[in-house]
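Open the model in your viewer and keep the selection panel at hand. The stops below say what to select and what to find there.

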Amino acid sequence: MRRLKLTDPKIIVAGTVVGGLIGTYLPSVGLALKPIGDLYIAMLSICILPIMMTALISGTGEMLRHPSLRKTFPRFAIVYVTTLTIPCAVALAIGWLIQPGAGLSAEAVTSLGQKMSAAAQSVPTPSIVDFFIGLIPSNIFRDLTTNNFVSIVVFSILLGIGLGFADAPACEETLRVIRTLFAAFSRIFEWILAPLAIGLLCLMAGVTARIDGEVFFSLISFFIAFYAAGLVVFFIYTVALIALRRIDGLRALGGLREPLTMSFLANNPFIALRPTISALVDRLKVEDDVANMAVPFGIIAAQHGQIINVILVTLFLANLYGIDLSPVDIATLAIAGMVGGTAVIGGGATLAPALAPILASLGIPGDLAIIILAASEQIVGPLISLLTIYAAATLVLLGRRDPATAAANRGTPPQSPSGDGA
Amino acid sequence: MRTVVALLTLWCASFTLAAAAQDYLPGVADLVASGELKVGVFTWDAPPMIVTDEDGKAGGYDVRIAEAIARTLGVKLTIVRTEKTANAVIEQVARGDVDIAVSYISRTPTRALKVLFTRPYLSQSHTLLLNRTFVAQRGGGCPTVRAFLDEIDGTPVGILNGSAHVERVLHAQPNANLVRYDSFDEMMQAVRSGAVVQSFQGEVTVHRYLADHPAMRVFTQVCEFPRWTDNIAIAVNGRRPELVDFLNVFLDHVVVSADHESTTLTIDPWYDE
């Protein structure tokens, strides 16, 4: 009962608002609380990697060992690729409509220039070959110690596929062990999650105290374009889920309220990994193997907010420097935005290495990009996290089979992997 | 009280120096006897070396150095700001209209045919200011000196009229496509707008300009040629070789250092005010 109170979305929002007010009106207190917030986020991160790996391995393996679930793989692939085009098209349209970098005031440009004075370094421009080599888990132990999430996901899916197809009696046992580990890590995560509202209060107090007002106002058009694009994408997914009868009306989406709120307020989609799986399995009746496989994959590879971010930062810079993009440039940006936006983990300046080759290919100066990414992280990051969770949930809901058919084929009602029951 | 003592000391010292001037070396004796040091400084501002305050009075590092020289010689300082370019100031020194020029003057072989030079009191890199869009569309990065010289055979480069940089660039690349500007500010704004994609100048003024105009950093990028140095020195009238010796010894007490973000001047306190 006590845990439910502190993780209730209303309490989380209240805690975040109080934290924001502390950071705004008592910045010294906000800065003092920030380490506590960081400590809490670090504690939440303890189980994220184990949950992600065990969910992916067991989810993929179980799906492939189950003949009827195996058939859904092509469907997931089609849904995944198709949905990538939606944030891309919306961001291009909104960027064309709003022109986020056009007509910046002299004060706004000066404010950005002052930030460049402090960080007068060129954005690194890795080659596209290096980028793809980095996705291959050539040394999984190194990738685990360096938190190379994309490689870890590729490795986990490959291991899941191996266990799914291997013709050895111990495979079932191995998958059961991994599934047990997943349940154990999930339980630990839930314990740590209990004081979420307090952790977010401290985190938000520190974040608000550090927001740079001058840079915020110089990027206001960019923020408007980003939130407009994000909300349009959210709306399109919601309409698609209802129109395609993947959820039982708008009210059913309330089941995702907790993970969506959590990811938005914590500015971190990984924290909402376990709650998203639980919400899909318990409230939206998704098969647990499907959720275990598709949600971690979606959180890594369906970062639709990042796609919007990459495209709008590029359009902002093109506007600012007065560069007209040709139809070929737009097509290049669309494809590169989908690839670059989904293959990067983390927000802010960590996106710069993916953005640099795109900007270079379009002949757009890139040094300002790292300033914009770093300065906008606290503003756009929450919506990126929320869209990542919503896109992962949409992938699961659109990719899964009809719930009734699924239950009939398996002969059992859907169950929560943690054994909590639906 | 300490100020009064210092002023009295200087006043006494000036009498002593004037009385002793007849024992001085020829190129210095008549200058000290005249009681005045005329220093040429060009009319445009080159912060932080040369600036003009709200009352129109000249200031900056070069003027501070000139003040310290006059104080050491025990003579009155007269700043003469009538010439618009460094080349014109050199002609002014050569004619003897002024005794010396402390005016962000670069030493060049051509100028050394007309005036004497002290040893450099500042060594700076030659620097390119490039339009960022031009850099991005060219593939990014800074050119080498060789690549720059090859490129300006066709691509225009902005340059300040009457500066030593004109001579330097034309010596290294006779076919250089130079776009000459009479004002440093006009040249900087031309690079920002893309009217000229690059300009060539010393590092001190360009870094200071970017610090004073942060918006320029958004549209322009600095590339330095650290091994292509520009030595700044005091120009002295050819009839005063002994004054050059005196100034070289005086410069032992002056340090001007430039880096990417700022330029600093240090004069030993007993020569400074």
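Burial is used throughout this tour: a residue is buried under 20% relative accessible area, exposed over 50%, and partly exposed in between (1.4 Å probe, protein chains only). This is a predicted model, in which local features need pLDDT of at least 70 and side-chain atom pairs count only at pLDDT 80 or more, while totals for chains, interfaces and linings use all residues. Residues are numbered from 1 along each chain as its sequence is written, chains are lettered from A and ligands numbered from 1 in the order in which they are written, and side-chain values use heavy atoms, with hydrogens and water left out.

**Stop 1: two buried charges in chain B**

Select B:Asp99 and B:Arg240. Both residues are buried, and their side chains meet in a salt bridge, N to O 3.5 Å. A salt bridge here is a side-chain nitrogen of Lys or Arg within 4 Å of a carboxyl oxygen of Asp or Glu. The pair links distant parts of the chain, 141 residues apart: B:Asp99 is in the loop between α4 (86–95) and β5 of chain B, and B:Arg240 is in the loop between β11 (220–236) and α12 (241–250) of chain B. Helices (H or I, at least four residues) and strands (E, at least two) are DSSP runs, numbered from the N terminus.

Next, select B:Arg168 and B:Asp230, whose side chains form a salt bridge at 2.9 Å, N to O. B:Arg168 counts as buried at 14% relative accessibility, and B:Asp230 counts as buried at 0%.

**Stop 2: strands of chain B**

Show the cartoon of chain B and select β1 (residues 36–40). Five bridges join β1(B) to strand β4 (residues 76–80) of chain B, and the two run parallel. Strands count as paired if DSSP finds at least two bridges between them. β1(B) also pairs with strand β5 (residues 100–106) of chain B, in the parallel sense, over two bridges.

**Stop 3: chain A, helices**

Switch to chain A, which has 22 helices and zero strands. Of its 422 residues, 54% count as buried. Contact means heavy atoms within 4.5 Å. Among contacts in chain A between residues at least 6 apart in sequence, 85% join residues at least 24 apart.

Select helix α15 (residues 257–266) of chain A. Seven of the 10 residues in α15(A) are buried, so this helix is largely enclosed by the rest of the structure. The buried residues are A:Pro259, A:Leu260, A:Thr261, A:Met262, A:Ser263, A:Leu265 and A:Ala266. After α15(A) comes A:Asn267, whose phi is positive, near 55 degrees.

Move to A:Asp143 in helix α9 (residues 140–145) of chain A. A:Asp143 is buried, with a relative accessible area of 2%. Leaving aside residues up to four places away in sequence, A:Asp143 touches A:Ile136, A:Pro137, A:Ser138, A:Asn148, A:Ser151 and A:Ile152.

**Stop 4: salt bridges in chain A**

Select A:Lys34 and A:Asp38, whose side chains meet in a salt bridge, N to O 3.1 Å. The two are four residues apart in helix α3 (residues 27–44) of chain A, and so are separated by about one helical turn. An α-helix has 3.6 residues a turn, so residues three or four places apart point the same way. A:Asp38 is partly exposed at 34% relative accessible area, whereas A:Lys34 is buried at 14%.

Then select A:Arg179, A:Asp288 and A:Asp289, which are linked in a network of salt bridges. Over all chains the count comes to 18 salt bridges.

**Stop 5: the interface**

Show both chains. At the interface, 16 residues of chain A are in contact with 11 residues of chain B. The area buried between the chains, meaning the accessible area (1.4 Å probe) that two parts lose on being put together, summed over both, is about 1200 Å², and carbon and sulfur atoms give 66% of that area.

How many salt bridges are counted between chain A and chain B? The count is one. Select A:Asp367 and B:Arg132, whose side chains meet at 2.6 Å, N to O. On the side of chain A that touches chain B, the elements that give two or more residues are α7 (106–118) and α21 (367–399) of chain A. α7(A) gives the most, with seven residues.
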